[in-house]
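Dear colleague,

Please have it open while you read.

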Amino acid sequence: MTDYDVVVVGAGPAGSIAAKTAAEKGLDVLLIEKRQEIGVPVRCAEGVSREGLEKFVNPDSKWIASEIENAEIISPSNHKVVLSAENAGNEVGYVLERKIFDRYLARLASKAGADVLTKTSAVSFKRENGTVKLGIRSMGEFSEITAKIVIGADGVESRVAKWAGIDTTLKLNEIESCVQYLMTNIEFDDDTTYFWVGRKYAPGGYIWLFPKGKDAANVGIGVMPSLAEKSAKWYLDRFVEEHFPEGEIVEVVVGGVPVKGAIDTAVADNVMLAGDAARHTDPITGGGIINAMSAGHHAAIAAYEAIKAKDYSKETLKRYDEKWKSDFGESLVRNKKLQEKMMRLDDPTLDRLAKSLEGMPIEEMSVRRLAFELFKKHPRLLWDLREFIV
């Protein structure tokens, strides 16, 4: 039986940053990924902010598909609000090639000293003598390893969360149904990301276009099933037919994105959760790469401190909860309230809001400024959100 200080389950951005950071701290680390290839299938629009990304890695042209300067929000009647990339939030700045990017992060973890195993799943979990006995199946063969701490970065349907007894269940109105096409032969400004909002396009969500070079783009949709009368694919196909009738679809991705907002705790004895497993995605945008990387970093630091103190209890690991909540937890709470408010707005109201902001200088426009201007112009509409805006 092999002993590790930390076993990280899942080699996405949260898991690889956690493994890299923990290994750099001198811990014995194992990073496991159930798929035989890290980075596939891609299940996101691949957008990140420059500032957020550059906290963790230096941008590399090998996995940067596009550099974005602007974000354009388009209302149902075609009123447009434009934000600069610097002010548009965690999903605008670069568009990544996740297939390459995720492998790059896993290589950084390996270079830092972490063992990395692909086609390896965690299949059983048992606490024993203050540690965890984790059963893994690697390349078809079962074995057991012990770990002082397990970091679950194993996605929306986290098995680590269930084993640890952390409540991450989702209600029907807490998960968006998403479909994304990689399209070619369509026209767009390759330094701009586009967001079409309103029930006309995507009930309870939005349609996005993220450029991937000059001749390709991720065109996707997220809808709230409780509000949508048709499937996400139906709405996206209708949009594509109307806006990009000559476009060619060369790849299709489907999946669900949690929009629950902040959970109460992402820790239990010997266990921390990060990324989608901990519901760290933004409830408004559905994006989560930067939050996931931040969470992975905080989890690794908390693991290092706990192992140094020889205390892997929930009480000690709560330092991790404190870190991620002070970093981005407040924005998850605020954006969940905004998302619930936005879902209740009808299309004429969205048009009125967008029209009132249309033409404002983009250098003066940020997500917070946008919310503030909306509050000034329509205080009754957003009165119950004033504590987050003013």
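This is a predicted model: local features need pLDDT of at least 70, side-chain atom pairs count only at pLDDT 80 or more; totals for chains, interfaces and linings use all residues.

Of the 21 residues of α6, 15 are buried, so the helix is largely enclosed by the rest of the structure. Helix α6 covers residues 289–309 and reaches 30 Å from its first C-alpha to its last, which is close to the 30 Å expected at 1.5 Å a residue. Just after α6, Lys 310 takes a positive phi of about 55°.

As for the whole protein, there are 11 helices and 18 strands, and 54% of the 390 residues count as buried. Among contacts between residues at least 6 apart in sequence, 72% join residues at least 24 apart. The accessible surface comes to about 17,600 Å², and carbon and sulfur atoms account for 47% of that area.

One part of the surface may interest you. Ile 249, Val 252 and Val 254 make a nonpolar surface patch of about 260 Å². Ile 249 lies in strand β16, which runs over residues 248–258, and with a relative accessibility of 40% Ile 249 counts as partly exposed.

Turning to charged side chains, the count comes to 17 salt bridges. In one of them, the side chains of Glu 37 and Arg 103 meet at 2.8 Å, N to O. Because Glu 37 lies in the loop between β2 (29–32) and β3 (47–49) while Arg 103 lies in helix α3 (residues 98–112), this pair ties together parts that are 66 residues apart in sequence. Glu 37 is partly exposed, with a relative accessible area of 38%, and Arg 103 is partly exposed as well, at 32%.

Helix α3 also holds the pair Arg 98 and Asp 102, whose side chains meet in a salt bridge of 2.8 Å, N to O. Being 4 residues apart in the helix, Arg 98 and Asp 102 are separated by about one helical turn. Arg 98 counts as buried at 12% relative accessibility, and Asp 102 counts as buried at 4%.

A further salt bridge links Lys 126 with Glu 128, where the closest N and O atoms are 3.8 Å apart. Lys 126 counts as partly exposed at 49% relative accessibility, as does Glu 128 at 29%. Elsewhere, salt bridges that share partners join Glu 46, Glu 97 and Lys 212 into one network.

With best wishes

Conventions: Residues are numbered from 1 along each chain as its sequence is written. Side-chain values use heavy atoms; hydrogens and water are left out. Helices (H or I, at least four residues) and strands (E, at least two) are DSSP runs, numbered from the N terminus. The expected span of a helix is 1.5 Å times one less than its number of residues. Buried means under 20% relative accessible area, exposed over 50%, partly exposed in between (1.4 Å probe, protein chains only). Patches are made of residues with over 30% relative accessible area and no salt bridge: like charges are joined within 9 Å, nonpolar side chains (Val, Leu, Ile, Met, Phe, Trp, Tyr) within 5 Å. Accessible areas come from the Shrake-Rupley method with a 1.4 Å probe; for residues, only the protein chains shown count as cover. A salt bridge is a side-chain nitrogen of Lys or Arg within 4 Å of a carboxyl oxygen of Asp or Glu. Contact means heavy atoms within 4.5 Å.
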